[in-house]
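Here's a quick briefing to go with the model you're about to look at.

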Amino acid sequence: MIKLGTIGTSWITEQYIEAAQNSGKWELTYVQSRNINKAQTIVDKFGSGTAIDSVEEMVEKSDLTAIYIASPNSLHFEHAKLAVLNKKHAIVEKPSFSNLAEWDEINALAKENGVYVIEAARHIQTKTYKHLKSLIDYKQNAKQYPFLGANLNIGQYSSKYDQYQQGLKEDGSIPNVFNPDFAGGSLYDIGIYPLYVAVDLFGKPQKSMMNVVKGANDIDLFNHAILEYDGFNISIFNSKAVHSVLHSEFYFDNELIKVNNITDIDTIEVISKSDSKVLDLSYPVENPMDDEVVAFAEMINGNNDAAYNDLTTLSRDVLEVITELKEEQ
Ligand SMILES: NC(=O)c1ccc[n+]([C@@H]2O[C@H](COP(=O)([O-])OP(=O)(O)OC[C@H]3O[C@@H](n4cnc5c(N)ncnc54)[C@H](OP(=O)(O)O)[C@@H]3O)[C@@H](O)[C@H]2O)c1
């Protein structure tokens, strides 16, 4: 059992704990919050672990193996640094780090200290995504005409968007996810999901650019990115400020591969030109983090450096593309 500590007490931490407990591979050992009562509520709910209010004290605990970090994006760096310096594996929520300098420093420290730093990109760990990957690989080889590209879309009206608009008008209090000081914004928060898919499937683009509509505080709200490859383009729409039902599509000859939800990757369909479904594939999951907690546990328990290196290379490549897209704004 991997002894798990957590940082951050919003719903996403509870979802990770639930999946971790369901897997039988993790044991909730510490729950950290700046407010000890919030930590205790989670300990009570999951019937395991000890509440603690200091990150510095938690990382020093000897009965702790790995820390799941779900603090605001801009704090991931200091939290992951404390974890790895104390020889604890760090599972860092996406986007793991705000820039390449932070990414490089933490990954070098992790290597020196013999631990892993894993960016928690849950969607590429799902069984349905693994099928999508083999299907695209197959289609790339079987296609008759050149592959021209794909449209990947995500528009998810944030539960914090109303608060953001209110904050701009009234007291200036801006939720972290729309706050540049906390490395917020649509690209970092959800654009990263389609970017992960594009870079995992097709590698780093030769060139990338992004058109952005910004909010009054300069945060990116409505983005259209183009990733240019040799002979094809991947277009990515992402926004935390609109409600969209657009799915995502990959085009091969006279068929398309449709992905209903690029953040969950729970269903894929192959649709022919006559609009008939040729394939419909979906693995129902109870908790969207079920597959990642198992994958990360197996990596840690098996000291699987090869799988770890693949994931970290992908994580850095994605951040390189994000950096280029940000520079374009
Ligand atoms: N994989 C997914 O599906 C998914 C979904 C949602 C979010 N996320 C990621 O999870 C992370 C957290 O997102 P979130 O929306 O939960 O963020 P959040 O609500 O802004 O903050 C998360 C937690 O961090 C702590 N915190 C907040 N502000 C802080 C501050 N100024 N200093 C220190 N601690 C602070 C709070 O815990 P305490 O008050 O208890 O200390 C809070 O519960 C982000 O990286 C986000 O991208 C991932």
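Val294 sits in helix α9; helices here are DSSP runs of H or I with at least four residues, strands are E runs of at least two, and both are numbered from the N terminus. Keep in mind that this is a predicted model, where local features need pLDDT of at least 70, side-chain atom pairs count only at pLDDT 80 or more, and totals for chains, interfaces and linings use all residues. Residue numbers start from 1 along each chain as its sequence is written.

**Around Val294**
- Val294 is partly exposed, because it has 18 other C-beta atoms within 10 Å (20 or more would be buried, 12 or fewer exposed, and partly exposed is in between, with C-beta atoms placed from the backbone).
- Ala19 is 275 residues away from Val294 in sequence, yet the two are 8.7 Å apart in space, C-alpha to C-alpha.
- Leaving out residues up to four places away in sequence, Val294 touches Ser23 and Lys25, where contact means C-beta atoms, placed from the backbone, within 7 Å.

**Domains**
- The protein chain splits into domain 1 (2-120) and domain 2 (127-284), with bounds taken from an automatic or database domain assignment.
- Their C-alpha centres lie 27 Å apart.
- Six residues from domain 1 and seven residues from domain 2 make the contact.
- On the domain 1 side, that contact has two nonpolar, three polar and one charged residues (Ala, Val, Leu, Ile, Met, Phe, Trp, Tyr, Cys and Pro count as nonpolar, Asp, Glu, Lys and Arg as charged, and the others, Gly among them, as polar).

**Ligand shell**
- There are 20 residues around the ligand, and Gly8, Thr9, Ser10, Ser33 and Glu93 come nearest; to be near, a residue needs its C-beta atom, placed from the backbone, within 6 Å of the molecule.
- Sorted by class, the shell holds six nonpolar, eight polar and six charged residues.
- Domain 1 and domain 2 each supply at least three residues to the shell.

**Nonpolar cores**
- The largest nonpolar core has 80 residues, and Ile69, Ala80, Ala90, Ile91, Val117, Leu195 and Tyr196 touch the most other members; a core is a set of buried Ala, Val, Leu, Ile, Met, Phe, Trp, Tyr and Cys residues joined through C-beta atoms within 7 Å.
- Helix α8 (residues 186-202) gives this core its largest share, ten residues.
- Each of domain 1 and domain 2 puts at least three residues into this core.
- Another core, of seven residues, lies apart from it, and its members include Tyr164, Ile174, Val177 and Leu221.
- Beyond its neighbours within four places in sequence, Leu195 is in contact with Ile236, Val318, Val321 and Ile322.

- Strands β8 (residues 207-214) and β9 (residues 220-228) pair in the antiparallel sense over eight bridges; pairing takes at least two DSSP bridges.
- Across that pairing, Met209 stands opposite Ile226 in β9.
- Five residues lie between the strands of the hairpin, where Asp218 takes a positive phi near 80°.

- Asn303 isn't a glycine either, and has a positive phi of about 45°.
- Asn303 is in the loop between α9 (290-301) and α10 (305-327), and counts as exposed because it has 10 C-beta neighbours inside 10 Å.
- Lys94 and Pro95 are joined by a cis peptide bond, with omega about -15°.
- Pro95 belongs to the loop between β5 (89-93) and α5 (100-113).

Notes:
Two residues are in contact if their C-beta atoms, placed from the backbone, lie within 7 Å.
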